[in-house]
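User: Could you walk me through this model with a few questions and answers?

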Amino acid sequence: MGEIAKLQQIIDESNNLVFFGGAGVSTESGIPDFRSVDGLYHQEWDFPPETILSHTFFQRKPAEFYRFYQAKMLCDTAKPNAAHKKLAKLEAQGKLKAIVTQNIDNLHQMAGSKKVLELHGSVYRNHCVKCHSFYDFAYMKENKGIPRCSKCGGIIKPDVVLYEEALDQDILKEAIHAIAHADTLIIGGTSLSVYPAASLVDYFSGKHLVVINRDKTPQDGMAELVINQPIGEVFEQIK
Ligand SMILES: [Zn+2]
């Protein structure tokens, strides 16, 4: 049996499916991976992205933080791909119970998914650090420089988990609960090297563990099925 047929069979017989996804799910939609290093990038930025996207940097150099953030993180041209769409359909059919994602781009919601547990937050939610007023994606995109609250003038901070910041414990608990109760866990578009991905997978005790990733991952040996292909192309072939 081919890999796709095997995946189809697993999905067909599952009724408590959880999907755990990483950056690879979004790159196929045209979301640039901010970690990718290119020549232009080195000329334009004085610090590596992991430094700029840290809590300390946000506090000390907000103008430089937002110069990077607005250039690299506020992508509004990406569209959900076949993987996002199929996962939303599986949820509507009652098969898929949750998506746990490391992505912050809202593409699962755009595809129609309801239960999306965003471990690293979202660029679609932003709050004033002083009065906690809410601001949407468009406001952040329109306001160049340091975006400020229209009510009190405070700096607006994205609801994105920056380096040095803790994950939201409620989201983490929900993710653990979903994974622990799943009969099938599909891990897609992540090498599982970023915390807490690898440790979350340890909570899975269901029947089918599937890994779909372009490159090999440390979990491949544990998986019943490993597909080393782009995830959008894989889900394109699933009914
Ligand atoms: Zn405010």
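This is a predicted model: local features need pLDDT of at least 70, side-chain atom pairs count only at pLDDT 80 or more; totals for chains, interfaces and linings use all residues.

User: What is the geometry at the site of the zinc ion?

Analyst: Donors are N, O and S atoms within 2.8 Å of the metal (3.2 Å for Na, K and Ca), and water is not among the atoms, so sites may look incomplete. The SG atoms of C128, C131, C149 and C152 lie 2.2 to 2.4 Å from the zinc ion. Four donors count as tetrahedral if all angles lie between 85 and 135 degrees. The angles among these four donor atoms are 97 to 117°, and the site is tetrahedral.

User: Is C152 buried or exposed, or partly exposed?

Analyst: Buried means under 20% relative accessible area, exposed over 50%, and partly exposed in between (1.4 Å probe, protein chains only). C128 has 1% relative accessibility and therefore counts as buried. At 35% relative accessibility, C152 counts as partly exposed.

User: How many aromatic pairs are there?

Analyst: Rings of Phe, Tyr and Trp (its six-membered ring) pair if their centres lie within 6.5 Å; planes under 30 degrees apart count as stacked, over 60 as edge-to-face and the rest as tilted. By this rule, the count comes to 10 aromatic pairs.

User: How is the pair of W45 and F68 arranged?

Analyst: W45 is buried, with a relative accessible area of 5%, and F68 is buried at 0% relative accessibility. Their centres are 5.0 Å apart with 75° between the planes, so by the cut-off of over 60 degrees the arrangement of W45 and F68 is edge-to-face.

User: Which residues does H108 touch?

Analyst: H108 counts as buried because its relative accessibility is 2%. Contact means heavy atoms within 4.5 Å. Not counting residues up to four places away in sequence, H108 touches F19, V25, H84, L87, I99, T101, S113 and V116.

User: What distance separates the C-alpha atoms of G232 and S29?

Analyst: G232 is buried, with a relative accessible area of 6%. G232 and S29 are 203 residues apart along the chain, and their C-alpha atoms are separated by 8.7 Å.

How values were computed
Residues are numbered from 1 along each chain as its sequence is written. Side-chain values use heavy atoms; hydrogens and water are left out. Four donors count as tetrahedral if all angles lie between 85 and 135 degrees; four count as square planar and six as octahedral if opposite donors are over 155 degrees apart and all others between 65 and 115; anything else is irregular.
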